[in-house]
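Please look through the sequence and the model first, then read the notes by topic.

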Amino acid sequence: MQAYELTQLISQRADSNKLYLEFLKVPDLSMGLYVLPAGGTDPQSPHTEDEVYYVVSGRAKIKVAEEDRSVQAGSIVYVAKNVEHKFHSIEEELTVVVFFAPAEYSNRP
């Protein structure tokens, strides 16, 4: 079994000085913690795997393809592989648990 505590992941991610901390990777799934500061910019580009975002805290908007919506703690967003998407209008620091299936970069050529 692998088990994780969100408070420890938040601390590890902060210590890394990176926006994204991958904490689980097996062939069919990977997970990470993604944090964007208030007023920040989301630098990501489309992924070659399906992904799900679970918003732990914060307030922002996400644009997926041509659809735009607000997200906050408790929001869950599915993004199909190869679809343009970005968080924007980040009002409060955004903390998001990210699930990739299969594991991130598994389908990259």
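Buried means under 20% relative accessible area, exposed over 50%, and partly exposed in between, with a 1.4 Å probe and protein chains only. At 68% relative accessibility, Pro27 therefore counts as exposed. This is a predicted model, in which local features need pLDDT of at least 70 and side-chain atom pairs count only at pLDDT 80 or more, while totals for chains, interfaces and linings use all residues. Residues are numbered from 1 along each chain as its sequence is written, and side-chain values use heavy atoms, with hydrogens and water left out.

- Strands (E, at least two residues) and helices (H or I, at least four) are DSSP runs numbered from the N terminus.
- Two strands pair if DSSP finds at least two bridges between them.
- Strand β1 (residues 20-26) runs antiparallel to β2, and 6 bridges join them.
- The two strands β1 and β2 form a hairpin with 2 residues between them, and Pro27 is found in that loop.
- Tyr20 stands opposite Tyr34 in β2.
- β2 is also joined to β6 by 7 bridges, again antiparallel, and Ser30 has Phe100 in β6 as its bridge partner.
- In strand β2 (residues 29-36), 7 of the 8 residues are buried.
- Pro27 touches Pro102, Ala103 and Ser106 (contact means heavy atoms within 4.5 Å), not counting residues up to four places away in sequence.
- From Pro27 to Glu67 the separation is 40 residues in sequence and 30 Å in space, C-alpha to C-alpha.

**Aromatic pairs**

- Rings of Phe, Tyr and Trp (its six-membered ring) pair if their centres lie within 6.5 Å; planes under 30 degrees apart count as stacked, over 60 as edge-to-face and the rest as tilted.
- The structure holds 3 aromatic pairs.
- One of them, Tyr53 with Phe87, is edge-to-face, at 5.0 Å centre to centre and 75° between the planes.
- This pair links distant parts of the chain, since Tyr53 lies in strand β3 (residues 50-64) and Phe87 in strand β6 (residues 85-101), 34 residues apart.
- Tyr53 counts as buried because its relative accessibility is 1%, and Phe87 counts as buried because its value is 3%.

**Largest pocket**

- On a 1 Å grid over the protein atoms alone, a pocket is an open set of points where a 1.4 Å probe fits, with protein on both sides within 12 Å along at least five of seven lines; lining residues have an atom within 4 Å of a point.
- The largest pocket is lined by 14 residues, and Tyr20, Gln44, His47, Glu104 and Tyr105 lie nearest its centre.
- β3 and β6 each supply at least two residues of this lining.
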